[in-house]
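Student: I would like to learn what the labels in this structure rest on. Can we go term by term?

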Amino acid sequence: MIRQYRYEDLSDDEFEELANRLCTQLLGIGTISFAPGKDGGRDGKFTGTATHYPSAVAPHSGKFIIQSKWTSNPAASCADNDFARLMDKEFPKVQALFENGEIDHYIVFTNRRKPAKSTLVLAEKFAEIGLTSVDFFGTEEIDRWLEMNPAIWTSLGFADSSQPFRVDPTDLSDVVVAFKEAVDDAEHTFSSATNFTHVKFKEKNKINILTDEYADYIRSESMPYFSDIKAFLSDPRNSEFRDLYHDAADDLKQKIMVTRSQFTTFDKVLTYIHDAITNNNPKLRTRKRFVRVFLHYMYHDCDIGQHA
């Protein structure tokens, strides 16, 4: 069984470095990474004959441009419309690179699932520029390459995401405090502390338009920790943190109600909140996984999201 890596807990820059490091194996050690910033349609490049791409027997040669498209949404797919829109923005940049003679092969890495034929239209569109080859690599391919080269993940200093983390009360206290600080004050007075409305998970997902893929992710990656969070918040010694939790949940609930129409699915609501909170809070950026579990607990416990 292929090990699953939690790419969603990396940052944009970390995923970009992972893609370029994989290319040192697929293309060659001459793979060059570009510094973060405006990339002009490229995060890395390689010139020459590839060592293993698309195969060691018949490798491509020429000018390769590497690009990474990371997302913190663990249920994202290459079939999503927002991925197509993202790549549409890259099209003129790649076209300019081709006209300047800087690209023959275009390789895109993304931590999105890649259903069969989901990138076929995009690949054909970019190929019409005149490129020799266009490839989109999703989580399935990246998982397989890391399985063959497991040292790449650890050499970049990434955590061993195959191991479950321990819910430490001190960490949870810090997360609750930092989480509350990260959520701006709201004028509304809905109280999650006295809201005892609860609907079944499957029914709530249907009401809020949470996809089956995201629901599966919550079940497998977050639910195992819900009992620890519940026990922590129920402990009378943690009443201060329980109050902060409910304050944060109330603020979020009201904000979601106001902005819900801007998001097609609740997956995107949760992803947006997660990014907004972790990106603006250095303390929480190092605890992305914990914050995601925490948000999922809020949703599952009906403290955020609609009940009917």
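Tutor: Start with the disulfide: a pair of cysteine sulfur atoms within 2.5 Å. By this rule the count here is zero disulfides.

Student: What kind of model is this, and how are residues numbered?

Tutor: This is a predicted model, where local features need pLDDT of at least 70, side-chain atom pairs count only at pLDDT 80 or more, and totals for chains, interfaces and linings use all residues. Residues are numbered from 1 along each chain as its sequence is written, and side-chain values use heavy atoms, with hydrogens and water left out.

Student: Why is Cys23 called buried?

Tutor: Buried means under 20% relative accessible area, exposed over 50%, and partly exposed in between (1.4 Å probe, protein chains only). Cys23 has 1% relative accessibility, so Cys23 counts as buried. Cys78, at 4%, counts as buried too.

Student: What makes E3 and E4 a pair of strands?

Tutor: Strands (E, at least two residues) and helices (H or I, at least four) are DSSP runs, numbered from the N terminus. Two strands pair if DSSP finds at least two bridges between them. Six bridges join strand E3 (residues 61-69) to strand E4 (residues 105-110), and the two run parallel. Among the partners, Ile66 has Ile107 in E4, and Ile65 stands opposite Tyr106.

Student: Which sense does the pairing of E4 and E5 have?

Tutor: Parallel, over five bridges. Here Tyr106 has Val134 in E5 as its bridge partner.

Student: What is the order of strands in the sheet?

Tutor: The order is E1-E2-E3-E4-E5, an open sheet of five strands with mixed pairing. Strand E1 (32-33) and strand E5 (133-137) stand at the edges; each has a single partner strand, so one side of each is left without a neighbour in the sheet.

Student: How do you know that E4 is mostly covered?

Tutor: Six of its six residues are buried. His105, Ile107 and Phe109 point one way from E4, while Tyr106, Val108 and Thr110 point the other way. In a regular strand the side chains alternate between the two faces of the sheet.

Student: What makes a space a cavity?

Tutor: On a 1 Å grid over the protein atoms alone, a cavity is a set of points where a 1.4 Å probe fits but cannot get out; lining residues have an atom within 4 Å of a point. Grid points are joined across faces, edges and corners, and a volume is the space filled by probe spheres set on the points. By this rule there are two cavities of 30 Å³ or more.

Student: Which residues line the largest cavity?

Tutor: Arg6, Asp9, Tyr217, Glu221, Ser222, Arg289, Arg292 and Val293 do. About 50 Å³ of space lies inside. Helix H8 (212-222) and helix H13 (288-300) each supply at least two of the lining residues.

Student: How much space lies in the second largest cavity?

Tutor: About 30 Å³. Its lining includes Ser72, Tyr214 and His274.

Key: 1 Å grid on protein atoms, 1.4 Å probe; cavity = no way out; pocket = protein on both sides within 12 Å on 5 of 7 lines; lining within 4 Å.
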